[in-house]
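Welcome, and thanks for taking a look at this model with us. Please keep the sequence and the 3D view side by side as you read.

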Amino acid sequence: MSTYGTIPTSSTPGTSEYISRTKDRILSDLGSRQPWKVMFDYHLVSFPKKFPEALSRIRFNVAYFRMNYAIIMLLVLFLSLLWHPISMIVFIIMMAAWLFLYFLRDEPLVLFGRAIDDRLVLGVLGVLTLVFLFLTDATVNILVALLIGVVLVVVHAALRKTEDLFLDEEATGLMTTTGPPS
């Protein structure tokens, strides 16, 4: 392990150092994704004039606020499982997987020498979380939570204007040359 510009204090980091580093990383990564102030700026809320405009906003906002929307969906799912202890244990285990495989990575995930796209990681973790939770017999709670989460995300994405948001074309999958749609 090379440490450029730092003096190592020990050859193997201790548990408290690892926990401290993980805590700092969680706070910095989750706090620095897309700011919640930007996401919930009420000045930038308006009804779209036409249906294609709403679809365009949804596509752009989902790409831009992807991590924020994932957090919202996981929070709604968590709240729905409070009265199902086995489901809660499975959810906590899956949250650990989410933290290490999606939220806390600096570099792309590499599997068999190939870099895995964040959208694929998001999809696979979402599907695995749902499959494992459905195996715990909390089906109604999970379906209701997913419905509520999707409604929240779609309503926000359709109502949130996109003029102040800028993303590269590769990240959104949109082919815009003049900036985001309104």
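Thr129 is buried, with a relative accessible area of 2%. This is a predicted model, so please read every value below as computed from predicted atoms. Thr129 sits in helix α6, and the side chain of Thr129 reaches the side chain of Trp98 through a polar contact of 2.9 Å. Trp98 is buried too, at a relative accessible area of 4%, because anything under 20% falls in that class.

## Aromatic pairs

A pair of aromatic rings is described by the distance of the centres and the angle of the planes. With rings counted as paired when their centres lie within 6.5 Å, the model holds five aromatic pairs. In one of them, Phe78 and Phe91 have ring centres 5.9 Å apart and planes at 40 degrees, so this pair is tilted. Phe78 belongs to helix α4 (residues 66–80) and Phe91 to helix α5 (residues 85–103), so the pair ties together parts that are 13 residues apart in sequence.

Trp98 and Tyr102 form another pair, with ring centres 5.9 Å apart and planes at 85 degrees, so they meet edge-to-face. The label follows because planes over 60 degrees apart count as edge-to-face. Trp98 and Tyr102 are four residues apart in helix α5, which means that about one helical turn separates them. Tyr102 has a relative accessibility of 4% and counts as buried. There is also an aromatic cluster, made up of Phe60, Tyr64, Phe65 and Tyr69.

## The largest pocket

Two residues already mentioned, Tyr69 and Trp98, turn up again here. The largest pocket has a volume of about 440 Å³. It is lined by 18 residues, and those closest to its centre are Tyr69, Ala70, Met73, Trp98 and Leu122.

Which helix gives the largest share of the lining? That is α4, with six residues. At least two lining residues come from each of α3 (51–64), α4, α6 (118–134) and α7 (139–159).

## Spans from the UniProt record

An unreviewed UniProt entry lists residues 63–80, 116–136 and 142–159 under "transmembrane region". In the model, residues 63–80 are 94% helix and 0% strand, with 26 Å between the end C-alpha atoms. For residues 142–159 the figures are 100% helix and 0% strand, and the end C-alpha atoms are 26 Å apart.

## His43 in its loop

Finally, let us turn to a loop. His43 lies between α2 (36–39) and α3. Is this residue buried or exposed? His43 is exposed, with a relative accessible area of 56%, because the cut-off for that class is over 50%.

The side chain of His43 makes a polar contact of 3.1 Å with the side chain of Asp41 and one of 3.4 Å with the side chain of Tyr42.

Technical notes. Residues numbered from 1 in each chain as written. Predicted model: local features only at pLDDT ≥ 70, side-chain atom pairs only at ≥ 80, totals over all residues. Heavy atoms only, no water. Phe/Tyr/Trp six-rings, centres within 6.5 Å; stacked < 30°, edge-to-face > 60°. Buried < 20%, exposed > 50% of the residue type's maximum accessible area, 1.4 Å probe, protein only. 1 Å grid on protein atoms, 1.4 Å probe; cavity = no way out; pocket = protein on both sides within 12 Å on 5 of 7 lines; lining within 4 Å. Points joined across faces, edges and corners; volume = space filled by probe spheres on them. UniProt positions renumbered as here; feature names shortened; annotations may be inferred. Polar contact = N/O pair within 3.5 Å; in protein donor to acceptor, adjacent residues only side chain to side chain.
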